[in-house]
2 protein chains.
Amino acid sequence: MNTTGNITELARDLTRSVREMRSIMRLHIQAKLREYQFDISFELLEILAYLWRQDGVNQQEIADIIIKDKSSTTYLIDNLVKRNLVERIADENDRRNKLIFLTREGKQLQKQFNPLITEMYETATAGIAFGVMEKAIVMLNKMNDNLKQTL
Amino acid sequence: MNTTGNITELARDLTRSVREMRSIMRLHIQAKLREYQFDISFELLEILAYLWRQDGVNQQEIADIIIKDKSSTTYLIDNLVKRNLVERIADENDRRNKLIFLTREGKQLQKQFNPLITEMYETATAGIAFGVMEKAIVMLNKMNDNLKQTL
DNA sequence: CTAAATTAGTTTTATTTCAAACCAATTATC
DNA sequence: GATAATTGGTTTGAAATAAAACTAATTTAG
């Protein structure tokens, strides 16, 4: 880690650590997916993981949560529909909305996979104090707000 | 932010903040690239930014730094070579290594672009204490180490 | 010294990503 | 109530990503 006392230098280290985390988590999940012979990608699983918490949302909300372009989201949901894991249902009240619902199959995956995701987070957070992580999140969100203001 | 007192839940918030940061930074840089009419992508710029700090390294080192697959790195460096921003020079001592050197053109870009990158980091870090960021990085690295151990 | 293992890079193939242009439905404004 | 602006989603096309299989160069072990 940089120790020259320059915070912008430190911020570069931060972004690297941050990216590394996602990369390692991806490898973890992919290893589990292979181990359990699930024919599904990390990206598709991310969408399912959100739906397991909050079913029946529109695509824009999913795009915001997973932090992807809405066209990427369309593409990924097409894929989930093809695999019979979710279905698109037009919103009665606002027909622009397409609400995404888990199918029975999509819900079943949750039972198999949620424990593995939780396990990964437990591994990651071993020896980390709650308060320390809270402060880190507050800081990251503050940085994000700073950046958003000049966007 | 989650406040149920469950650290694995909090860790999910963390990963989201972390991804959001990269997404916003990408938008920032892309806006600058457009503003100054640079015909170059965010990804290519990331490689250049590293070379500006450390010129004449091999592709594997670049791949490690930018956290990408080595085939992705080959592809991106091909692109930089095409644009005459870097050149590949086989290492005399170990001809497996291809050392990547900035061309004069590649170096010139640094003068134009480095201040903009620094400016972005300055914006991001406004009101953030050095010690707070240090602790956040230590925490992230600890989490990464935790995850690497079970990889 | 030689065979095996490792390391650096490339090619191939398939998936993911996103910007831009677009359509359809809804909401706001006059 | 008509028109403009906004919002949600899709399509298209180009770039980025990475796994897997590969070649070539080097290092290690026997």
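DNA strand D is surrounded by 22 residues, of which Asn58(A), Gln59(A), Ser71(A), Thr74(A) and Ser41(B) are the closest. The model is predicted. DNA strand C likewise has 22 residues around it, and the nearest are Ser41(A), Asn58(B), Gln59(B), Ser71(B) and Thr74(B).

**Surface near DNA strand D**

- By class, the surface near DNA strand D comprises 10 polar, 9 charged and 3 nonpolar residues.

**Surface near DNA strand C**

- Two or more residues come from each of helix 2 (42-53) and helix 4 of chain A, and from each of helix 3 (59-66) and helix 4 of chain B.
- Helix 4 of chain A provides the largest share of the surface near DNA strand C, with 5 residues.
- The residues near DNA strand C divide into 10 polar, 9 charged and 3 nonpolar.

**Sheet in chain A**

- An open sheet of 3 strands in chain A has the order 1-3-2, with antiparallel pairing.
- Strand 1 (57-58) and strand 2 (86-90) of chain A are the edge strands, each pairing on one side only.
- Strand 2 and strand 3 (residues 98-102) of chain A run antiparallel and are joined by 5 bridges.
- Glu87(A) lies opposite Phe101(A), a residue of strand 3 of chain A.

Notes. Residues numbered from 1 in each chain as written. Chains lettered and ligands numbered in written order. Predicted model: local features only at pLDDT ≥ 70, side-chain atom pairs only at ≥ 80, totals over all residues. Pairing = 2+ DSSP bridges. Helix = DSSP H or I, 4+ residues; strand = E, 2+ residues; numbered from the N terminus. Near = placed C-beta within 6 Å. Nonpolar A, V, L, I, M, F, W, Y, C, P; charged D, E, K, R; others polar.
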